[in-house]
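Let's take a friendly look at how charged side chains pair up in a protein. Have the picture open while you read.

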Amino acid sequence: MTDSAESIISKLRSLGMEKKDMPHIADRRRASVLVPLFERVVAAVGDNDSAISNSNSLHVLLTQRPQNMKSHGGEVCFPGGKQDPEDEGDDVRTAMREAHEEVGLHPQHVESISRMESLESKHGLCVTPIIGLISPSSVAEPSQLTLNADEVEAAFAVPLDYFVDPENCDSAVPVNWGGKNFLLRTYLYDDPESGRQFKIWGFTAHVVHEVAMKAFAVHH
């Protein structure tokens, strides 16, 4: 891992793994999502469209649900889902299991490095984002994943620093949710690999924006 990526990961590790449940939802049914981060080599392009150098940057892996799903159909999200009895109340185990089931990421390739604040979903669940570092990075490349067609229509990767630049935010609407004020952000990301545009909004946009801001130590 490059020094710059190591520095970013170090900032995220400092967030710790202790639970950060909002008090009013601590006793709700639990769910977890995995925020998968991996390092990708990106070619810098010169004026004549030729690659002049390579650089490494942290990317976040996202998925899109099938359009015909009853819940969250067509939405962009992280791998994740409701906690099952087999998880024994462990938020990390839930995130790992769901990521394995949905996109084929094996837990042996995922290091859980920190836990974000749990939030209330629109269905009243207590949802915990677990930040995971993927190694080797190649297993997180969308083209290398094994997608569960019943739960995932597409997977794509976005540079984490994309979510730091306010110019990339299509809209930001103030909302009050669970007694806290949030900005409901929407990003319209043009994926160069698939040629598709993905709408990233709601819970997913909030979490990935918070992760990016903490990773790059941007205050807001």
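## Charged pairs in the fold

Arg-97 is buried, with a relative accessible area of 10%; buried here means under 20% relative accessible area, with exposed being over 50% and partly exposed in between (1.4 Å probe, protein chains only). This is a predicted model, in which local features need pLDDT of at least 70 and side-chain atom pairs count only at pLDDT 80 or more, while totals for chains, interfaces and linings use all residues. Residues are numbered from 1 along each chain as its sequence is written, and side-chain values use heavy atoms, leaving out hydrogens and water.

So who is the partner of Arg-97 in a salt bridge? Asp-87 is; a salt bridge is a side-chain nitrogen of Lys or Arg within 4 Å of a carboxyl oxygen of Asp or Glu. Asp-87 sits in the loop between strand E4 (80–82) and helix H2 (91–103), and Arg-97 in helix H2, so the pair ties together parts 10 residues apart in sequence. Those helices (H or I, at least four residues) and strands (E, at least two) are DSSP runs, numbered from the N terminus. Asp-87 is buried too, at a relative accessible area of 1%.

| Pair | Closest N to O |
|---|---|
| Glu-141 and Arg-40 | 2.6 Å |
| Asp-87 and Arg-97 | 2.9 Å |

Glu-75 and Lys-122 link distant parts of the chain, 47 residues apart. As for Glu-141 and Arg-40, both are buried. The count comes to 17 salt bridges.
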